[in-house]
Amino acid sequence: MKSVVMVAPKKVEIRELATPKPGKNQVLIKVAACNICTAEQRFWSGEYGESVYPMNFGHEYAGTIVELGEDVIESAYPVGSRVAVRGLDACGACYYCRHNAPNLCTHKLKKSNNVDIDGVKMMGGLSEYVLADISGVYFLSDDIDFHTAIFAEPLACVLQSVMQANIEMGSDVVVIGGGIMGMLHLMCAKLRGARVILSEMDDTRRALALELGADEVINPREVDAVQAVKDLTEGRGADTVFNTTAIPAVAKQAVDMCGYLGTVVMYSSQHPKKDIEISPSWLHSSQAKITGTVSPSIVSFEQSVNMLNKKLIDPSKLFYGAFPIEKAQEAFETAVRPDTYRCCVDFE
């Protein structure tokens, strides 16, 4: 099979690798398309050092089942079925799995498709074929486009985040950051009946936010974003704040935007990992909650696929474009540009 292999910082090659064979409770999927998400961009940029190469990544993908492994019931997983995949396995037996948090599974980094093929460390989505455990397979409706289906994973991550906040109809929600995850938070919060305020420095992204349903937009370069939120909320602050940026200073801003009884969700990992100060006295008095979120859960992935299948959310404005596998290098170079959203590699 053809595979996109990262061989050095900012360099990929197309290699011919052995097509994997499905094992017990696995299926082989012919990949149709795979997004290049932030994680892939960081690996490609060299952020994690050169010891990770050569590697194949890719986890926002969709495709078609072409072969079944041992003990897979054919009637339940028919060959030819169109599917999206949650690539993080859950062991079902660790402390977190047994407390209804499989996204925090102690063993989740040991993925069923995380293998070594011909000397290449494989995640698999950026290849013509990939293995998937049947527990992570989610079926797509016949009329869903694969370029829509590959948003199942990022949307599931956002839905897991939204679960952390009890968004009530008519409440005030602030989304900090107008990247793809910020925009998906905006769209989901609108579906929950909230008034959504988006804080974003880029003019083009603020304009898109308004197209996607934002009620108010703030340019933090021009105004004090915290004060702007308080002005819009009669001085109370927001009921929910989602921080989708990776900037520690903005994390402090997210807390300052939150009102009494509110919830702050730290969606993004922080780079660098820098602490912020929070007043215990304010936390005591406000009864506010500060929490985080990581990875899609089994439930949020199910919800995500249902929403896409039923056309309840349309991510098309967040899709920049598709590149054939032969242009994978160009796809990565385009994906890291600040003026793009999701770029994908096509395998069909």
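**Close-up views of helix packing**

**View 1. Helix 3 crosses helix 4 with right-handed geometry.** The model shown here and in the views below is predicted. Helix 3 spans residues 152-163, and helix 4 spans residues 180-191. Their axes lie 9 Å apart, at an angle of about 60°.

**View 2. Residues in the contact between helix 3 and helix 4.** Helix 3 contributes Pro-154, Leu-155, Val-158, Leu-159, Ser-161 and Val-162. From helix 4 come Met-181, Leu-184, His-185 and Cys-188. By class, 8 of the contact residues are nonpolar and 2 are polar. None is charged.

**View 3. Buried residues of helix 10 (residues 328-335).** Ala-328, Ala-331, Phe-332, Thr-334 and Ala-335 are buried. These residues sit on the same side of helix 10, because they cover an arc of only 165° around the axis.

**View 4. Helix 1 and its buried residues.** Glu-40, Gln-41, Arg-42, Phe-43 and Trp-44 are buried. They pack against strand 1, strand 2, strand 3 (26-35) and strand 4 (55-56). Helix 10 is also among their packing partners.

**View 5. Gly-46 follows helix 1.** The phi of Gly-46 is positive, near 90°.

Methods: Residues numbered from 1 in each chain as written. Predicted model: local features only at pLDDT ≥ 70, side-chain atom pairs only at ≥ 80, totals over all residues. Heavy atoms only, no water. Buried < 20%, exposed > 50% of the residue type's maximum accessible area, 1.4 Å probe, protein only. Helix = DSSP H or I, 4+ residues; strand = E, 2+ residues; numbered from the N terminus. Arc of directions from axis to C-beta. Axes fitted to C-alpha atoms, helices over the stretch in contact; angles between N-to-C directions. Left-handed = near helix turned anticlockwise from the far one by under 90°. Contact = heavy atoms within 4.5 Å. Nonpolar A, V, L, I, M, F, W, Y, C, P; charged D, E, K, R; others polar.
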